[in-house]
Amino acid sequence: MRIGLVIVPFALLALTCQPIEQSISMPDDCDTSLCCTNCEIIRVHKVIDGDTFKSSKGTIRLFGADTPEKGHKCYESAKTSLQQISGNQVRIEIGPRLKDRFGRTLFYVYDINGQSVSELLISSGLAEAWRKDGQHRDTLVSIQDKTRAVSYTHLRAHETSLHLVCRLL
């Protein structure tokens, strides 16, 4: 009887400590191909540039997207876009690597509604898709290729919106 009283509380504790499974979903209200409405939410403290921010989990680097560095064309546009998309909270999903070569933590990042931040930046022409690795690499590269095809058509039509001017072609 005593053993049963000891085992039951530990069994209940084990059930409550199971990791929450994160999965990419496609809810009806998501405007991106990649969407994660059940991913962990973290606080954004400060946006550093178009693909890096400080958070409650340290310095975070977007997995899957590369934006212009400081001093390059469209740096400010990419940084401002990340600030607007992220607001003060984002959702995160673990990728195949935890750190980059500079020691920053790598996560796929989603806005609070679950939309992929990398996809939004790539489709607006403010970021390049990573071709090296990542479980969403093929999706992001495909989005980049489609975005480039559309931007060539618009540029030929003399479209001059900020994002078309800043496209990484």
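**Exercise 1.** Determine whether Asn113 is buried or exposed, and find what lies around Asn113.

Solution. Step 1: Asn113 has a relative accessible area of 51%, so the residue is exposed. The classes are buried under 20% relative accessible area, exposed over 50% and partly exposed in between, with a 1.4 Å probe and protein chains only. Step 2: Asn113 belongs to the loop between S6 and helix H3 (117-123). Helices (H or I, at least four residues) and strands (E, at least two) are DSSP runs, numbered from the N terminus. Step 3: leaving aside neighbours within four places in sequence, Asn113 is in contact (heavy atoms within 4.5 Å) with Cys35 and Thr37. Step 4: Asp29 is 84 residues from Asn113 in sequence, and their C-alpha atoms are 8.6 Å apart in space.

The model is predicted: local features need pLDDT of at least 70 and side-chain atom pairs count only at pLDDT 80 or more, while totals for chains, interfaces and linings use all residues. Residues are numbered from 1 along each chain as its sequence is written, and side-chain values use heavy atoms, with hydrogens and water left out.

**Exercise 2.** State how many helices and strands the protein has, and in what pattern they follow along the sequence.

Solution. Step 1: the secondary structure comes to five helices and seven strands. Step 2: along the sequence the pattern is α-β-β-β-β-α-β-β-α-β-α-α. Step 3: of the 169 residues, 41% are buried. Step 4: among contacts with a separation of 6 or more, 60% join residues 24 or more positions apart.

**Exercise 3.** Describe the barrel and the pairing of strand S6 within it.

Solution. Step 1: five strands form a closed barrel in the order S1-S2-S3-S6-S5, with mixed pairing. Neighbouring strands of this sheet are turned by 55 degrees against each other on average, direction ignored. Angles run from 0 to 180 degrees between N-to-C directions, with axes as lines fitted to C-alpha atoms, for helices over the stretch in contact. Step 2: S5 (residues 89-99) and S6 (residues 105-110) pair in the antiparallel sense over five bridges. Two strands pair if DSSP finds at least two bridges between them. Tyr108 is the bridge partner of Glu93, and Thr105 stands opposite Lys99. Step 3: strand S3 (residues 58-62) pairs with S6 in the parallel sense over three bridges, with Ile60 and Thr105 as bridge partners. Step 4: S5 and S6 form a hairpin with five residues between them, and Gly103 in the turn has a positive phi of about 85 degrees.

**Exercise 4.** Explain why S6 counts as largely enclosed.

Solution. Step 1: six of the six residues of S6 are buried, so the rest of the structure largely encloses the strand. Step 2: in a regular strand the side chains alternate between the two faces of the sheet. Step 3: Thr105, Phe107 and Val109 are buried on one side of S6, and Leu106, Tyr108 and Tyr110 are buried on the other, which leaves both faces covered.

**Exercise 5.** Work out which residues of helix H2 are buried and which side of H2 they are on.

Solution. Step 1: H2 (residues 75-86) lies across strand S1 (40-49), strand S2 (52-55) and S5, running at about 155 degrees to S1. Step 2: Tyr75, Ser77, Ala78, Ser81, Leu82 and Ser86 are buried. They cover an arc of only 165 degrees around the axis, which puts them on the same side of H2; the arc is that of the directions from the helix axis to the C-beta atoms. Step 3: Glu76 and Gln84 are exposed on the other side of H2. Step 4: Cys74 lies in the loop between strand S4 (65-66) and H2. Cys74 has a phi near 75 degrees, a positive value in a residue other than glycine, and counts as buried at 8% relative accessibility. Step 5: just after H2, Gly87 takes a positive phi of about 60 degrees.
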